[in-house]
Structure formats: structure tokens, C-alpha cells
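Please keep the sequence and the coordinates in view while reading.

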Amino acid sequence: MALVGVVGTLSAALVTQVRADRVKRLEIDTLRGQHAEDRAHAERMRTLELADAHEQRAEARRADARARLRACYVAFNAAARQYQTAQVNVVHALRAGTDVTDVNEYVVEALEEARTAFRASYAEAQMQLPGPVLAAASAVSRRLNDHYGVLKKSLAETPRAPAPPDCEQRVQSAWVVLTELRRTMRRDLRIDDAAP
């Protein structure tokens, strides 16, 4: 019986040790599973953060491109309107007569400066404007440059001749293409064009 007691005691110790080993393996397996789950979760979070950062950078690039395009629109529109205004001023000076006065010379210089500024702005716009806006800008450029040619011809005559009778009407008609250009730009920028 003593032998049975010793075997029972040893068996109990062995069974306890086996169970303890089994519990320890289960704990280790559970910890490994938890670590794997934590790593997978961390990887998912990292992937989401990278995707979010990528989207934020892409949105920032789109906003920057939109801002540059808007600035180009503003500069081109302003340069075109100043060029048009300078042409109207020359027509008024030519209509006033053939005397060369300081005011007339100033008006001619202003026309040349406006033309130079317009050409620079148009060159930049040609590299940035989308198709429909570029078509409207090209129409403005052609119209203003045609009128410039007529005005320069009148200015080159000695003595200066008054502007041809239809010149003022032609120069004033450029406001129509300038208005269409503005509308096209506003449509492209998705701005409500309620203003005339």
C-alpha cells in the first residue's frame, strides 16, 4: 500500500506538472496570438495612416495647383483688361486730334506697357490653362492684337491720323470677348457667375 501511496503521490505530481505545462503552453499560445493580433492591428493602423497621409498630400497638391491656376486666371484677366483699357485710351487720344501732346505720348507708352504685360501673362497662361479656357484666352489675344495693329497703324501715320471710324466700335467690342473669358474662367473654378 505504501507503494500505491508513493505511486499516487508521484502520479499526482506528474499530472500536476503536465497540467501546469499545458496551462503554460496555452498561456504562451494565447500571448503569441495576442501579439500577432496586436501586430496585425498595428500594421492595419500604419497602412491607414499612410493612406491618410498620402491622401492629405494629394489634396494639398490639388489645392496648390488650383491656387496657382486661380492666380494665373486673375493675372491674365487683369492684364487683358488693362491692355483693352489702354487701347480704348489710345482711341480717345486719336479721336481728340492729331496734335502730339504729353498726354498722347503717355497714352502710347501705357499701351506698349500693357501689351508687354499682356504678352507675358498670356505666355504663362498658355502653359497652365485647360482647353476651354485657353480657347477663350486665345480669342481675347487675337482680338486685342488685331486692334493693336489697327491702332499702331494710325499712330505711325505722320501726321497722326484720327482713328478709323469703326476703330472705336471695334475696340469697344473686345469687352464682349473679355466678358466671355471671365465667365469661362469662373465656370472652370466652379464659381457662381451671377455677376455681369
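Q172 has its place in helix α4; helices here are DSSP runs of H or I with at least four residues, strands are runs of E with at least two, and both are numbered from the N terminus. In this predicted model, local features need pLDDT of at least 70 and side-chain atom pairs count only at pLDDT 80 or more, while totals for chains, interfaces and linings use all residues. Residues are numbered from 1 along each chain as its sequence is written, and side-chain values use heavy atoms, with hydrogens and water left out.

With a relative accessible area of 31%, Q172 is partly exposed; buried means under 20%, exposed over 50%, and partly exposed in between, with a 1.4 Å probe and protein chains only. Leaving aside neighbours within four places in sequence, Q172 is in contact (heavy atoms within 4.5 Å) with Q84 and V88. Between Q172 and T85 there are 9.3 Å from C-alpha to C-alpha, although the two are 87 residues apart in sequence.

Helix α4 also packs against α3. Two packed helices are described by the angle between their axes and the distance between the axes. The axes of α3 and α4 come within 9 Å and cross at roughly 165 degrees; axes are lines fitted to C-alpha atoms, for helices over the stretch in contact, and angles run from 0 to 180 degrees between N-to-C directions. The crossing of α3 and α4 is left-handed, that is, the near helix is turned anticlockwise from the far one by less than a right angle; clockwise would be right-handed. Residues of α3 in this contact include V140 and L144, and those of α4 include V171 and L178.

Nonpolar side chains tend to be buried together in soluble globular proteins. A nonpolar core is a set of buried Ala, Val, Leu, Ile, Met, Phe, Trp, Tyr and Cys residues joined through side-chain atoms within 4.5 Å. The largest one has 37 residues, and F76, F118, L129 and V140 have the most contacts inside it. Two or more residues each come from α1, α2, α3 and α4 (167-188), with the largest share, 13 residues, from α1.

What does F118 touch, not counting residues up to four places away in sequence? The list is F76, A79, A80, Y83, V140, S141 and L144. F118 is buried, because its relative accessibility is 1%.

Five aromatic pairs are found in the whole structure; rings of Phe, Tyr and Trp (its six-membered ring) pair if their centres lie within 6.5 Å, with planes under 30 degrees apart counted as stacked, over 60 as edge-to-face and the rest as tilted. The pair of Y83 and Y148 is tilted, because the planes stand at 50 degrees, with centres 6.3 Å apart. This pair joins distant parts of the chain, Y83 in α1 (residues 2-96) and Y148 in α3 (residues 131-156), 65 residues apart. Y83 is buried at 0% relative accessibility, and Y148 at 10%. F118 and Y122 are stacked, 6.0 Å centre to centre with 5 degrees between the planes. Ring pairs link F76, Y83, F118, Y122 and Y148 into a cluster.

Overall, the chain has four helices and zero strands, and 27% of its 196 residues are buried.
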